[in-house]
Amino acid sequence: MTEHLIRKYSAAVPRYTSYPTAPHFHEGIDSGVYVSWLDMLGAENRISLYVHIPYCDRLCWFCACHTKHTLKYEPIATYLKSLHREIESVSQHVSRSAKVTAVHFGGGSPTMVKPDDLIALMDCLRAAFSFAPDVEISVEMDPNDLDEGRYDALAAIGMTRASLGVQDFDPKVQKTINRIQTFEQTKSVVEAVRARGAHSVNCDILYGLPFQTLETLKDTVDKIISLNPDRIALFGYAHVPWTKKHQTMIPEAALPDVSERYRQMTMAGQMLMAAGYVAIGIDHFAKADDTLALAMKDGALKRNFQGYTDDSADALIGLGASSIGKLPQGYVQNMPATGEYERMADSGELCVVRGIALSQEDRVRAFVIERIMCDFALDLTALSQLFGPAAVLAIAEARQFAAGERDGLVAMEEGVFRLTEAGKPFARSIAATFDTYLSSGRGRHSVAV
């Protein structure tokens, strides 16, 4: 791979966990619109729930999540009361016959929640919605929060998948990003959640961190492999200090350049595949018998705000401050400010303050971008069959792109627009050529490698 290509295709573009992307949400989609969309969900619909806990007891300087730092539990207890109220309000507009097939607790640090409060939160969800017998329950966790009581509470709520952020085990890197977490500590968490019935463990690794080198990253990947996780996410650090001010604490001079980021990404990916993991999209890896790998094999892989997923639910309902949901009609986002969110929830209002309704053109391009990001390929015949005349322009753009591309990144094979091996690392940049919103200038993004 030449330096020329790496630099040419590493421009800042979205990660495409949605289309249109969040910077294009607007205030025209409010709680009234949300109510009408929820009311259209039928008994046959399957639902996923995303529950956001926007608090951490330490603020990792690399983090780009909606969260805030607190060393006191009172703000969390207050927030949980409002979260219960929102759950009750939203559920009034959802058919009791619609089944919840997945619940994801994200943050922030959901494991900051005290054991009794976590169990009460799950009880509230189960009282408000109808859960499928085989519901998947996943929890993002910070090993520094965990103790025996919390492990027992996670088992009590039926956690099936544990998601551990690791990032890097090198002490210098950890100090620079304010994320101190030893390998031994991480190993003990993996053993504890497995002993309590979690059938899947996910680990996140970051490349492109300050002071990170190929050698330090290799050591981290080796240690992660030794834990035998079921899934591994290999994310590139997104340096967006204009959005997340705490990232200004990271010395930019210590960040690897785009060429070094590419080398780190490539090396780590090769190590994971050599260890028997299947590459999933641009940044995930899974055991061959994992449902994520099986979904990719079957052409059923999807992408949402948690990244790659095998979740086939018809609607994603976001609960909590800043949570994003997706319904058949479009995307919605809750009030990000926790104080205002609590006021709205406590008053019985639904907390949606922005979103976007999907046009037919949006649906076509969302399909195109998702297939490029998930399959590295787009079947133009299937696209035409799904969307008819609405797909004509996107099909023409795909053919034009393939005909004019001179770097060997894509090829047209029997009506399939396909990324080559050289093109796969630049899937985000290739997908961006189909994004009609990108030129509007809303939002600044991280580099594509």
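Visitor: What angle and what axis distance describe the packing of helix 12 and helix 14?
Guide: Helix 12 (residues 360–375) packs on helix 14 (residues 392–404) at about 35°, and the axes lie 9 Å apart. The axes are lines fitted to C-alpha atoms over the stretch in contact, with angles from 0 to 180 degrees between N-to-C directions. Helices are DSSP runs of H or I with at least four residues, strands are E runs of at least two, and both are numbered from the N terminus. This is a predicted model, in which local features need pLDDT of at least 70 and side-chain atom pairs count only at pLDDT 80 or more, while totals for chains, interfaces and linings use all residues. Residues are numbered from 1 along each chain as its sequence is written, and side-chain values use heavy atoms, without hydrogens and water.

Visitor: Which residues of helix 12 and helix 14 meet?
Guide: Glu 361, Val 364, Arg 365 and Val 368 of helix 12 meet Leu 393, Ala 394 and Glu 397 of helix 14, where contact means heavy atoms within 4.5 Å. Four of the residues in this contact are nonpolar, three are charged and none is polar. Here Ala, Val, Leu, Ile, Met, Phe, Trp, Tyr, Cys and Pro count as nonpolar, Asp, Glu, Lys and Arg as charged, and the others, Gly among them, as polar.

Visitor: What makes Phe 169 buried or exposed?
Guide: Buried means under 20% relative accessible area, exposed over 50%, and partly exposed in between (1.4 Å probe, protein chains only). Phe 169 has 7%, so Phe 169 is buried. Phe 183, at 16%, is buried too.

Visitor: What kind of aromatic pair do Phe 417 and Phe 434 form?
Guide: Their centres are 5.9 Å apart with 85° between the planes, which is edge-to-face. Phe 417 is in strand 19 (residues 416–419), and Phe 434 follows 17 residues later in the segment after helix 15 (427–432). Phe 417 has a relative accessible area of 0% and is therefore buried; Phe 434, at 1%, counts as buried.

Visitor: Which residues have the most contacts inside the largest nonpolar core?
Guide: Leu 125, Phe 129 and Phe 417 do, in a core of 122 residues. A nonpolar core is a set of buried Ala, Val, Leu, Ile, Met, Phe, Trp, Tyr and Cys residues joined through side-chain atoms within 4.5 Å. Helix 9 (residues 258–274) gives the largest share of this core, seven residues. A second, separate core has nine residues, including Cys 60 and Ile 177.

Visitor: Where does Lys 172 lie relative to Phe 211?
Guide: Lys 172 lies over the face of Phe 211, 4.2 Å from the ring centre. A charge sits over a ring if NZ of Lys or CZ of Arg is within 6 Å of the ring centre and within 35 degrees of the ring normal. Arg 303 lies over the face of Tyr 308 at 4.5 Å.

Visitor: Which peptide bond ends at Pro 20, and what is its omega?
Guide: The bond from Tyr 19 to Pro 20 is cis, with omega near -5°. Gly 107 and Gly 108 are also joined by a cis peptide bond, with omega about 10°.

Key
Rings of Phe, Tyr and Trp (its six-membered ring) pair if their centres lie within 6.5 Å; planes under 30 degrees apart count as stacked, over 60 as edge-to-face and the rest as tilted.
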